[in-house]
Structure formats: structure tokens, C-alpha cells
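I opened this entry to record what I looked up, in the order I looked. The notes are brief.

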Amino acid sequence: MTKHPYAKLVKYPSSEILDYTIEELVNDSEDVCFYLPYQWSKGDGIGNRRPKDPLTIYWSADVNGCDDRVTYKTTLGALLDDTFELHEKWFEKPRAIGSKDVPIFVGIRDALQKEIDRLNVWIDTAKPEEQKDD
């Protein structure tokens, strides 16, 4: 398996919300979000440094309705590594997946390519920033 954890806690909850249950969290799904913290030019949006990996993913839950959040992080790379490791042929050198699993990876690759194409459109159609008079 990968050397890094699948998800890492990046913001700790205050002590009074540690008893919040998974059931309560699921029922309050509007308070749960996923986001790319790289989107901020400074920091990660919750008081930490900006992640170096632009594909870092945060899962954040507001567990008491007062923006007291529990936040975990992972990366798209870690998720892909986990998927590869689940399907790789053990004891094969070099590491490889089985041919029956190729459609899974083709589907992932094609979906990623669609997102890359969307990013390219956004980049190619970017508008210049307005100049502010000081």
C-alpha cells in the first residue's frame, strides 16, 4: 500500500463536538463539502499553508452549524495509487494491472481527460483582470 495515509486530519475539532456521530453528520449533509484548497492564492482556506499539490482534496464537515469544522485531506494522486494497488498483479515486475482491469483505468483516464478539456477551455477563454486605480 501507499506510504502516505489515505486521508489525513488537517483541522481538529473543538472538544465539545467530539461526540458528534456519523449518523448526525450524514443527516446534516448540507454541512459537508469537498473542495480543492489550492484555489486560494494564500493558505488553504482554514488557516494552514496552501498545499503544494494542486490536486489536494479536502473533505470538510461543519459539525455544529457554527462553522466548527472537521477537515480531512487526500490527493487525487493518492486515490489513483489506491485504485492501482487494488488492481495490480502481485509479484509482477514491473508493477502492472491485469488486462481484465484495463476498462476501469480507461474509464478513469477518459473522465480525467474530459476534465482537462474543461480546464483548457477555462484557461483559453480567461479574461484580463481589470486594473484598479489606487
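Which residues line the largest pocket? I listed Leu36, Tyr38, Gln39, Pro54, Leu55, Leu76, Leu112, Glu115, Ile116, Arg118, Leu119 and Trp122. A pocket here is an open set of points on a 1 Å grid over the protein atoms alone, where a 1.4 Å probe fits, with protein on both sides within 12 Å along at least five of seven lines; lining residues have an atom within 4 Å of a point.

Before going on, I noted that this is a predicted model, in which local features need pLDDT of at least 70 and side-chain atom pairs count only at pLDDT 80 or more, while totals for chains, interfaces and linings use all residues. Residues are numbered from 1 along each chain as its sequence is written, and side-chain values use heavy atoms, without hydrogens and water.

**Pocket.** I found a volume of about 360 Å³ for the largest pocket, volume being the space filled by probe spheres set on the points. Its lining divides into 9 nonpolar, 1 polar and 2 charged residues. Helix α3 (residues 102-124) gives the most to this lining, with 6 residues.

**Overall layout.** I counted 3 helices and 4 strands, taken as DSSP runs of at least four residues (H or I) and at least two (E), numbered from the N terminus. Along the sequence the pattern reads β-α-β-β-β-α-α. Of the 134 residues, 20% are buried, which is to say under 20% relative accessible area with a 1.4 Å probe, protein chains only.

**Strand β3.** I then turned to β3, where 5 of the 7 residues are buried. Strand β2 (residues 32-35) pairs with β3 in the antiparallel sense over 4 bridges; pairing asks for at least two DSSP bridges between two strands. Strand β4 (residues 69-75) also runs antiparallel to β3, joined by 7 bridges. On the β4 side, Asp62 has Arg69 as its bridge partner.

**Ser60.** Is Ser60 buried or exposed? I found Ser60 buried, at a relative accessible area of 0%. Ser60 sits in β3, which spans residues 56-62, and is the bridge partner of Cys33. Beyond its neighbours within four places in sequence, Ser60 is in contact (heavy atoms within 4.5 Å) with Asp31, Val32, Cys33, Tyr35, Arg69, Val70 and Thr71. With the side chain of Thr71, the Ser60 side chain makes a polar contact at 3.0 Å. Such a contact is a pair of N or O atoms within 3.5 Å, one able to donate a hydrogen and the other to accept it.

Terms used:
Buried < 20%, exposed > 50% of the residue type's maximum accessible area, 1.4 Å probe, protein only. Nonpolar A, V, L, I, M, F, W, Y, C, P; charged D, E, K, R; others polar.
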